[in-house]
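Please work through the exercises below with the sequence and the model open beside you. Each task is followed by a solution that goes step by step.

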Amino acid sequence: MPPSVVTFRITADPPPRLDKALARDVPEEAALSRSRLARLVPDGAVRINGVVVTDVRARLGEGDAVEIALDIPEDTDMGAEPIALDVVYEDAELIVVNKPAGMVVHPAPGSPDGTLVNALLHHCGDSLSGVGGARRPGIVHRIDKDTSGLLVAAKTDRAHHGLAAQFEAHDVERHYHALCFGTPDAGDPRLRGIRGTSFEPGNVLKIQTRLARHKTDRQRQAVFWHNGRHAVTRVRAIESFGTPPVLSLLECWLETGRTHQIRVHMAHAGHGLIGDPVYGGKRKLPKGALSEAAMMAVGTFPRQALHAATLGFQHPVTGEHMRFAAEMPQDMQELCTTLRATVPLGD
C-alpha cells in the first residue's frame, strides 16, 4: 500500500523557513504539527514543485506546490472504550455522531483516554480509517472539547481522502448555534468601525481575518492581518434577550474552519460567547436588563455556548448530498428557556 500524500499550495507572504511555511499552510485536516513536519523534511518526504527538499531552512514562494508523503499509520495501542455514542448516521464508509460537550475528539496530553476516538475504536472496530494518523484514526475535522454537535469520521481510507478534500476546498456546510453578549446588527456604528467586519443583505455579519496562534499564549488563537490562515465567519442573530437586548441566540456558519474560529471572531467583533473562559471575557450587563434568575443562569453557564447544529457534505463514495441536523443540547435549551421566561424578548 503506497504512502498517503498531502498536497497543497503555499499562500502569500510565506515565512522564511520551509518548516514554518509548511506548518502555516498545511491543511488542518492532515493533523501535521510543525515538529512532525520538521522530522519529515530531512527524511525526504517533502517535494516542492516536484523536487525533493530536505533542508528545513529552504525558502518557499507563493504558489509553490507541496507534496508530503506520509508513512502508513502504525498500529495504535489506544484502547477501545465502550463509551456511548449518539450516532446520527452510519454506513460502511463513514459515521456521523452528535458529540456531547466535555468530550475531547482525540487523545492529547492531559486527555489520554475517554475521547471520541476511543469510543469510535470500540464502535467501529477494525474498520476505522487510519489516514488521520495513529492518534487520530478516522478523524477528518474537530470541534472543541466544550463545543457540542455534529462531527463526521471516516471508516475507510477512500472516505477519509474524499471528506478531507471537501473540507480543504471549503465545500462542507457547517452551521452552529451560539449564545453571545450583545446583538450583532448592521445599525451598530461600533461594528462598522472594527477591521474585518462588514454586513451582507439580511443583516448578516461577515467577519474576515487571518487566524494564528497567539504570540505569547500558545493555547489561544488570535486575529492577524498578514500572518496565519484566512478565516471567514458569517453570523445572524436569531433571537435577542433583555431590555434593552443584551444577549442573542445566533446562527453562525463557516466559510473556512480554523481552530476556535467562531469563538475568536465573535470576541473580535465584541460579541464574545456566553461561558467562553478563553475568549468570552468578563461582561458587566446593564442593571435591570435581565432578571436575577437570568443573570445567574448566564453567569454560571459552564462552557462556551456553542453547538455544531448542521453538517452537510457530498458522500465521498456515492456522491449523494447528505445533510444532518442536531438540536441544541439540554444546557443551551434550558438557558434559552430561562431567558425567554424571565425577561421580555428584545425587538
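The model is predicted, so local features are taken only at pLDDT of at least 70 and side-chain atom pairs only at pLDDT 80 or more, while totals for chains, interfaces and linings use all residues. Residues are numbered from 1 along each chain as its sequence is written, and side-chain values use heavy atoms, with hydrogens and water left out.

**Exercise 1. Locate the residue that UniProt annotates as "active site" and list its contacts.**

Step 1: The unreviewed UniProt entry places this feature at Asp-144; such annotations, given in the numbering used here and with shortened names, may be inferred rather than shown by experiment.
Step 2: Asp-144 sits in the loop between α3 (116-124) and β7 (148-154), where helices (H or I, at least four residues) and strands (E, at least two) are DSSP runs numbered from the N terminus.
Step 3: Leaving aside residues up to four places away in sequence, Asp-144 touches Lys-99, His-260, Arg-263 and Gln-304, a contact being heavy atoms within 4.5 Å.

**Exercise 2. Find the largest nonpolar core and say which element gives the most to it.**

Step 1: A nonpolar core is a set of buried Ala, Val, Leu, Ile, Met, Phe, Trp, Tyr and Cys residues joined through side-chain atoms within 4.5 Å, and buried means under 20% relative accessible area, exposed over 50%, and partly exposed in between (1.4 Å probe, protein chains only).
Step 2: The largest such core has 33 residues, and Leu-120 and Tyr-176 have the most contacts inside it.
Step 3: Elements that each supply at least two residues include β6 (94-99), β10 (204-213) and α6 (261-268), but α3 gives the most, with 5 residues.

**Exercise 3. Identify the cis peptide bond and the place of its proline.**

Step 1: Most residues other than glycine have a negative phi, and most peptide bonds are trans.
Step 2: A cis peptide bond, with omega of about 0°, joins Thr-243 and Pro-244.
Step 3: Pro-244 lies in the loop between β12 (229-241) and β13 (247-254).
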